[in-house]
Amino acid sequence: MCGIVGVVGSKNAVSIILEGLKKLEYRGYDSAGIAVLEKNKFKTVKEEGKIAKLEAALKKTKLESDIGIGHTRWATHGRPSKQNAHPHASSNVCVVHNGIIENHQELKEKLAKSGAKFLSQTDTEVVPHLIEYHFEKTGDIKKSILETAKEIHGTFALAVIFKGHPNVIAVAKRGSPLVIGLGENENYIASDYYALSDHTSKIIALEDEEFAIISNNEIEVFDVKNKPIHKEAKLMEAENNRISKDGYDHFMLKEIYEQPRVLEETIQAYVDLSNSSIHLPNFAFDLKKINKITIIACGTSYYSGMCAKYLIEEIAGVEVEVDIASEFRYRAHPFRDDNLMVFVSQSGETADTLAALKFAKQNSQKILSIVNVAHSTMAQLSDAVIRTVAGPEIGVASTKAYTAQITVLSLLAIHFGCIKGKISAKQKEKLLQELAESGAKMVHLFDKSDIKNIKKIAQSLTSAKHVLYIGRGISQITAFEAALKFRELSYINAQGIAAGELKHGTIALIDKKMPVIVIAPHNKDNDLFEKTLSNAQEVNARGGKIIFISDKKGIAQFGKMAKRKIEIPKLDGIIQEAILPVVSTQLLAYYVALYKGNDVDQPRNLAKSVTVE
Ligand code: AGP
């Protein structure tokens, strides 16, 4: 999952590309590079590390040209290094690529036989040599791109420049996102409109197996058969481009503190609390006929899907199955006509989830997507879309998108409950009230004394080797999500498990050094508190270092067994249990990462949008 940018026809090509790459850094930030065509020579500057290092190098090595391509990388093949950074070139062809060339080894051997020399360990480097190979045969840019695409197995968003063609960028798309931006006497390409939003609001989003030849004043789109395709340019909403930290030290901290407002805005977008009416976007299918829901997602979005299983089954009585996207399409899933496929994604571009969506579509399933990015590919491919109103989420570790997803999924559960006649108008009103009050309660989690307490506990965890999170019911999911946040931010191995499962093996890990974070709020809808309490006592009996997350009553009941406690407000039900305690665990992971000196917004080895399988 990388970010690519290209410009043709602009004298500020290099700075437009650099600014675009900065905006795409969420897609990968382990190395970067830019190449331009200067006096019919490729001039390239590449650096290992963040864009800032490339920017510094560009100050030393001036690139003067009105055509160029750039790349920010998340390594798939070949470790992050200057050599493996893109662009990659052959004698006359230079390429940037986002995706994976699955048959790169085979192509490399074939091309090496015809004299190609390879300098990097990347899969991508076969592409410029393959295009050159076909260009020598056809003498035609379009044909060489099409022949190359035919030979490549895998996914790609490609941008290509050619010696001898100072006013041409060729692009190709299969699986990875790619847009063309229309300018005045200059044109642009990028992985995401956001990278171009300072320069144009007119874009053409390419579909899979579409290709284009772009010059400063012409764009020619064609298909695999070299047939021209007419593409309408779309006018994009003016995006708030200046996304700042608003005075917070990190985007992640800002996004944690934004959650009460995000909840409010997401509820306002779909609910009229004055008459307890829910206004979800129209579905092109009859929800009454839906008797099963299959939720597919990855990472944190998968955990919001697991929360939805509890919420929808409890509130609407509709059967819910949840699966991780990278496994879903490789198992013999029996599709049903009365099934609704729900895909959850912050970015709307996650390759595993997209591939599962396309698989479900091929099996004529009804597709609902819950995404945070309006113009994302998932939104474009779905029958119905419900947007989370979280605003841009820049921190790689997802926080506000998670609670916004649970808010939307709660509304879907309540909506279904009404349609299925499972809940009365009174119950609906009460559930909407519970949801609406979550934001106000969440603000209390940011009280000074609570933050001071979390900072102290975080200090004590910086030297931990392992951490366990346990919970029951929907708090089990909070344990899973909390452990993921802890892993990706602190780089400490953390595991979330169902508290009831502890005694079936994992309890063997418990000793005086093992911190165990017990998530046990009271929830008057079930007696899981007591059950979790006995599991915590099993930990206590083996000397485990318990950190207890509960409400005032729970903490009093747990008493001296836990030296470190995190108090949360009293919860009114399952929706609040899914949305509130997780915020304290987000803060805990944030401060441990901060005290360890880790890069909180761009943790190592990660990227915000995972566009490769
Ligand atoms: C979460 O903190 C991670 N960044 C990651 O697990 C993420 O949730 C996952 O990659 C799914 O992304 P999506 O919601 O954009 O599809």
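Trainee: What does N226 count as, going by relative accessibility?

Mentor: This is a predicted model, in which local features need pLDDT of at least 70 and side-chain atom pairs count only at pLDDT 80 or more, while totals for chains, interfaces and linings use all residues. Residues are numbered from 1 along each chain as its sequence is written, and side-chain values use heavy atoms, with hydrogens and water left out. Buried means under 20% relative accessible area, exposed over 50%, and partly exposed in between, using a 1.4 Å probe and protein chains only. The relative accessibility of N226 is 27%, so N226 counts as partly exposed.

Trainee: Where is N226 placed, and what is its phi?

Mentor: Helices (H or I, at least four residues) and strands (E, at least two) are DSSP runs, numbered from the N terminus. In those terms N226 belongs to the loop between β13 and β14 (234-235). Most residues other than glycine have a negative phi. N226 has a positive value instead, near 65 degrees.

Trainee: Which loop holds S364, and what is the phi of S364?

Mentor: S364 is in the loop between α10 (351-362) and β20 (366-371). S364 is exposed, because its relative accessible area is 62%. Its phi is also positive in a residue other than glycine, near 45 degrees.

Trainee: Which residues does S376 contact beyond four places in sequence?

Mentor: S376 lies in the loop between β20 and α11 (377-381). S376 counts as buried, because its relative accessibility is 0%. Contact means heavy atoms within 4.5 Å. With neighbours within four places left aside, the partners of S376 are S347, G348, E349 and V371.

Trainee: Which residues does the cis peptide bond join?

Mentor: One of the two residues, P87, is in the loop between β4 (67-73) and β5. The omega of the bond is about 5 degrees. The cis bond joins H86 and P87.

Trainee: Which strands stand at the edges of the six-stranded open sheet?

Mentor: Two strands pair if DSSP finds at least two bridges between them. The order is β5-β6-β7-β8-β12-β13, with antiparallel pairing. Two of these strands have a single partner each, so one side of each is left without a neighbour in the sheet. They are β5 (88-89) and β13 (219-223).

Trainee: Within the sheet, how many bridges join β6 to β7?

Mentor: β6 covers residues 93-101 and β7 covers residues 154-162, and the two run antiparallel. G99 stands opposite F156 in β7. The number of bridges joining the two strands is nine.

Trainee: At what angle does helix α5 run to β8?

Mentor: Axes are lines fitted to C-alpha atoms, for helices over the stretch in contact, and angles run from 0 to 180 degrees between N-to-C directions. Helix α5 (residues 141-151) lies across β7, β8 (165-174), β12 (210-214) and β13. Its angle to β8 is about 25 degrees.

Trainee: Which residues does F335 touch beyond four places in sequence?

Mentor: F335 is in the loop between α9 (325-328) and β19 (339-345). F335 is partly exposed, with a relative accessible area of 22%, whereas F328 is buried at 0%. F335 touches F328, M341, F359, A360, N363 and Q365.
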